[in-house]
Amino acid sequence: MIYNSPRGTYDYFGEDVKYINFIIDASKELFKLYKYSEIITPHFEYTEVFSRGIGENSEIVKKEMYTFLDKKGRSLTLRPEGTASVVRAVVERKLYSENLPLKLFYIGNMFRYEKPQKGRLREFKQIGIEAIGSESPAIDAEVIWILHDLFNNLGFKNLILNINSIGCSNCRKTYINLLEEYLKPHYENLCDDCKNRYGKNTLRVFDCKVQSCKDILNNAPKISDYLCGDCQNHLSEVFNLLNALDIKYIHNKNLVRGFDYYTRTIFEITSNDIDSAQNALGGGGRYDNLIEEFGGPKLSSIGFAIGLERTMILMKELGIDINEDEKNLVSVYLISMSEDYNSFVFKILKFLRKNKIICDNNFNIKNISKEIKNAKLNGYTHIIIIGEDEFKNNLITIKDLNNFTQTKIDWLNEKNKLLNLLKK
Ligand code: AMP
């Protein structure tokens, strides 16, 4: 009997783990430059944190949450995203009493009961940031700047940054009335999902991928044409600052996002190199009311999250190489001809590892020429061979796999010679 991992989950190993860690390391390095510090929150929260935070009528809350009762009958939910948890933690721990904006980042697994397909999983990883406690358009620009830098540093070239504003609660209310007026005569021609969105979460019709709905929306009023003066100025200033940074973006008037908590600036980064609905690598937006709704003070905030798996898949497809650093590392494969030499072998490995040299050895004794071939295939720069002569006379035979020069070293007296040979 062989067990499968649950649908929509995945095991990561080999190259995948290298990519994941590469993306995590690059993100951490970048966030440090902007003075963000890490926050680690639980993988599950009381269900209300998400249902109130993300919104009862959102797709995620209605259809996609992993919700269960614990043994005391309390309703808990595996986190489907990071922002609601971070906001809960900030309010509960009163983290906002420090300097504002409070700059936090998180890295972790999220859970959504979605229809699994390429780049769409039920357990996936996100890296996100939250800047809490500033209304300034400068922080919007900085957050978008970080998103832009992150993908640039990872080696992406062909990405599109879409930005829009969905206004504040005032201008949005007026606009949604207008949109509903516009959609009313088309109601019967909307898809079932859009019919459901109408009246509850009308803005989300812009997310619909059905062509007939898209056609209807072509001539619909667009929210960013109905912003109040303050929201309009805010968006213009975000654009000014991005222009000053030479960051290319598109003002995508059709952009909406799936969480109820967003206000004003929203953005998404997509790839032209993926021909599928799953072309969004990351996205985010401003949330000016959420902290107050969670019982905290009025603290305007903004953040984004990127999907780690989607980023990894695209990096691999585009052939973005992450092994540059490793190629320059010296590494030794030690081939022993007999189990009887193990104590000598371990002494050599101990010495190498103490000197921070990557090494491994053959635990199973096999054909030596096969071992050498494999060592080369696996990227080792050197091999050490321990045969009968070496074992009896305390010698090491070391071979450079680049030029095949071979040197014999007296283990007891010439350890430094060994280190010198291994220097690049
Ligand atoms: P969201 O939290 O929905 O704004 O998503 C932010 C990013 O997380 C997306 O752009 C994707 O890269 C990633 N993401 C969201 N949902 C999934 C999923 N089900 N599977 C894999 N990645 C996802």
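Ser336 counts as buried, at 3% relative accessibility. Buried means under 20% relative accessible area, exposed means over 50%, and partly exposed lies in between, with a 1.4 Å probe and protein chains only. This is a predicted model, in which local features need pLDDT of at least 70, side-chain atom pairs count only at pLDDT 80 or more, and totals for chains, interfaces and linings use all residues. Residues are numbered from 1 along each chain as its sequence is written, and side-chain values use heavy atoms, with hydrogens and water left out.

## Around Ser336

Ser336 sits in strand β12 (residues 331-336). Helices (H or I, at least four residues) and strands (E, at least two) are DSSP runs, numbered from the N terminus. A polar atom of the Ser336 side chain lies 3.0 Å from the backbone oxygen of Ser338. Leaving aside residues up to four places away in sequence, Ser336 touches Tyr341, Val345, Asn362, Ile365 and Ile386. Contact here means heavy atoms within 4.5 Å.

## The eight-stranded sheet

Eight strands form an open sheet. Their order is β1-β5-β6-β11-β10-β9-β7-β8, and the pairing is mixed. The edges are β1 (37-38) and β8 (250-251). Each has a single partner strand, so one side of each is left without a neighbour in the sheet. Two strands pair if DSSP finds at least two bridges between them.

Strand β10 (residues 280-287) pairs with strand β11 (residues 301-307) in the antiparallel sense, over six bridges. Within this pair, Gly282 has Ile306 of β11 as its bridge partner. Helix α1 (residues 15-33) packs on the sheet and touches β1, β5 (102-111), β6 (123-132) and β11. The direction of helix α1 makes about 5° with that of β6. Axes are lines fitted to C-alpha atoms, for helices over the stretch in contact, and angles run from 0 to 180 degrees between N-to-C directions. Helix α4 (residues 83-92) lies across β5, β6 and β10. Helix α4 runs at about 135° to β5.

## The three-stranded sheet

An open sheet of three strands has the order β2-β4-β3, with antiparallel pairing. Here β2 and β3 (67-69) stand at the edges. Each has a single partner strand, so one side of each lacks a neighbour in the sheet. From one strand to the next, the twist averages 35°. Strand β4 (residues 75-78) pairs with β2 over three bridges, in the antiparallel sense. Tyr46 stands opposite Leu76 in β4. Helix α2 (residues 47-54) packs on the sheet, touching β2, β3 and β4. Its direction makes about 80° with that of β2.

Phe44 lies in strand β2 (residues 44-46). At 42% relative accessibility, Phe44 counts as partly exposed. Phe44 touches Leu76, Thr77, Leu78 and Arg79, not counting residues up to four places away in sequence. Phe44 and Asp11 are 33 residues apart in sequence and 21 Å apart in space, C-alpha to C-alpha.

## Nonpolar cores

The largest nonpolar core has 97 residues. Such a core is a set of buried Ala, Val, Leu, Ile, Met, Phe, Trp, Tyr and Cys residues joined through side-chain atoms within 4.5 Å. Those with the most contacts inside it are Phe31, Tyr36, Ile132, Val143, Phe206 and Phe304. Helix α5 (residues 137-154) gives the most to this core, with nine residues. Val143 touches Tyr36, Ile129, Ala131, Phe267, Ile302, Gly303 and Phe304, not counting residues up to four places away in sequence. A second, separate core of 21 residues includes Ile348, Leu349, Cys359 and Trp411.

## Salt bridges

The whole structure holds 22 salt bridges. A salt bridge is a side-chain nitrogen of Lys or Arg within 4 Å of a carboxyl oxygen of Asp or Glu.

| Salt bridge | N to O distance |
|---|---|
| Lys18 and Glu15 | 3.7 Å |
| Asp16 and Lys316 | 2.3 Å |
| Glu181 and Lys184 | 3.7 Å |

Asp16 lies in helix α1 and Lys316 in helix α11 (residues 308-317), so the pair ties together parts that are 300 residues apart in sequence. Asp16 is buried, at 11% relative accessible area, whereas Lys316 is partly exposed, at 36%. Lys18 and Glu15 are three residues apart in helix α1, so about one helical turn separates them. Both count as partly exposed: Lys18 at 33% relative accessibility, Glu15 at 35%. Lys184 is exposed, at 51%. A network of salt bridges links Glu45, Arg88, Glu92 and Arg93.

Notes
Polar contact = N/O pair within 3.5 Å; in protein donor to acceptor, adjacent residues only side chain to side chain.
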